[in-house]
Amino acid sequence: MSRPLRIAPSLLASDFCRLGEELARAEAAGADWHHVDVMDGHFVPNLTIGPPVVGSIKEVANIPLDVHLMIEEPAKWAEHYAQAGADVLSFHYEAAESNFEETLAAFKATGCQIGVAVNPPCGVEPLRPYLDQLDLILVMSVHAGFGGQSFMPEVLDKVRQLRSWGFRGDIEMDGGITAETAPACAEAGTNAFVAGTFLFRAPDMAAATADLRQAIEGAAVS
Ligand code: DX5
Ligand code: ZN
């Protein structure tokens, strides 16, 4: 694995009424990043949280915020989410296809670690000229919009492709990640793992996090 292993529980599967306690629970369980899913009801047919909530999360979080923007016109919002406290900030390629370079420049200007996300139908070829400018590539293993969907193994080819092109940044997989699905992701070259349902809905979040880490480490060394 060319980059450190990161486990990022997705807050989408947490209890939003008790967000502070849920953040603490994820940290106590061994999370490396908090994965924060931002949806606008346009790019995806679901609506979640905006900059004020990200700001409140930042006030109590003790680990980096990995903010996944599933929104239209991401360039307009980059600075807002950076100011709110994003450490890693990702936007979708599909939402910026017509003005990708301008959007990337707006994100780079924030000083955050920058990621670009792709939904399952979107290939990674368009990202190839920009690999040296990206800190992270977020490969969706479900269609963005909702937690609790099943993992799509066909997206693993994109991870292999990115590593074969020499991409040395973080590759993050998001959607349907469990201790069963994560090892194949690690073997393909994934080093950052988002898991919502598997971690937050587990009877014991710390045990589930440890199981996931062990499954990934076991795969990576083989
Ligand atoms: C889906 C989100 C994911 C989601 C993952 O659009 O980007 O982060 O919360 O949830 P699980 O792990 O339940 O598939
Ligand atoms: Zn996500």
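Guide: A residue counts as buried when its relative accessible area is under 20%. The model is a predicted one. By that cut-off Phe-91 is buried, because its relative accessible area is 0%. Phe-100 is buried as well.

The search of the whole structure finds five aromatic pairs. In one of them, Phe-91 and Phe-100 are 5.8 Å apart from centre to centre, with 40° between the planes, and the pair is tilted. In another, the ring centres of Phe-91 and Phe-107 are 4.4 Å apart. Planes under 30 degrees apart would count as stacked and those over 60 as edge-to-face; the planes of Phe-91 and Phe-107 are at 35°, so this pair is tilted. The pair links distant parts of the chain: Phe-91 belongs to strand E4 (residues 88-92), Phe-107 belongs to helix H4 (residues 100-108), and they are 16 residues apart. Phe-107 has a relative accessible area of 0% and is therefore buried. One aromatic cluster is formed by Phe-91, Tyr-93, Phe-100, Phe-107 and Tyr-130.

Next, the ligand. Around ligand 1 there are 20 residues, of which Ser-10, Gly-145, Asp-174, Gly-196 and Thr-197 come nearest. Asp-174 places a polar side-chain atom 2.7 Å from an oxygen atom of ligand 1. In the side chain of Asp-37, an N or O atom is 2.8 Å from an oxygen atom of the ligand. For His-68, the distance from a polar side-chain atom to an oxygen atom of ligand 1 is 3.3 Å. Ligand 1 exposes 380 Å² when taken alone, and the protein buries 98% of that.

As for the cysteines, the structure holds zero disulfides. Cys-17 counts as exposed, because its relative accessibility is 76%, and exposed means over 50%. Cys-122 is in no disulfide either; the nearest cysteine sulfur belongs to Cys-185 and is 18 Å away. With a relative accessible area of 13%, Cys-122 is buried.

One further residue is Ala-207, in helix H8 (residues 205-221). Its relative accessible area is 33%, so Ala-207 is partly exposed. Ala-207 and Ala-29 are 178 residues apart along the chain, and their C-alpha atoms are separated by 7.5 Å.

Methods. Residues numbered from 1 in each chain as written. Chains lettered and ligands numbered in written order. Predicted model: local features only at pLDDT ≥ 70, side-chain atom pairs only at ≥ 80, totals over all residues. Heavy atoms only, no water. Phe/Tyr/Trp six-rings, centres within 6.5 Å; stacked < 30°, edge-to-face > 60°. Buried < 20%, exposed > 50% of the residue type's maximum accessible area, 1.4 Å probe, protein only. Helix = DSSP H or I, 4+ residues; strand = E, 2+ residues; numbered from the N terminus. Disulfide = S-S within 2.5 Å. Near = heavy atom within 4 Å. Polar contact = N/O pair within 3.5 Å; in protein donor to acceptor, adjacent residues only side chain to side chain. Areas by Shrake-Rupley, 256 points an atom, 1.4 Å probe, with all protein chains shown as cover.
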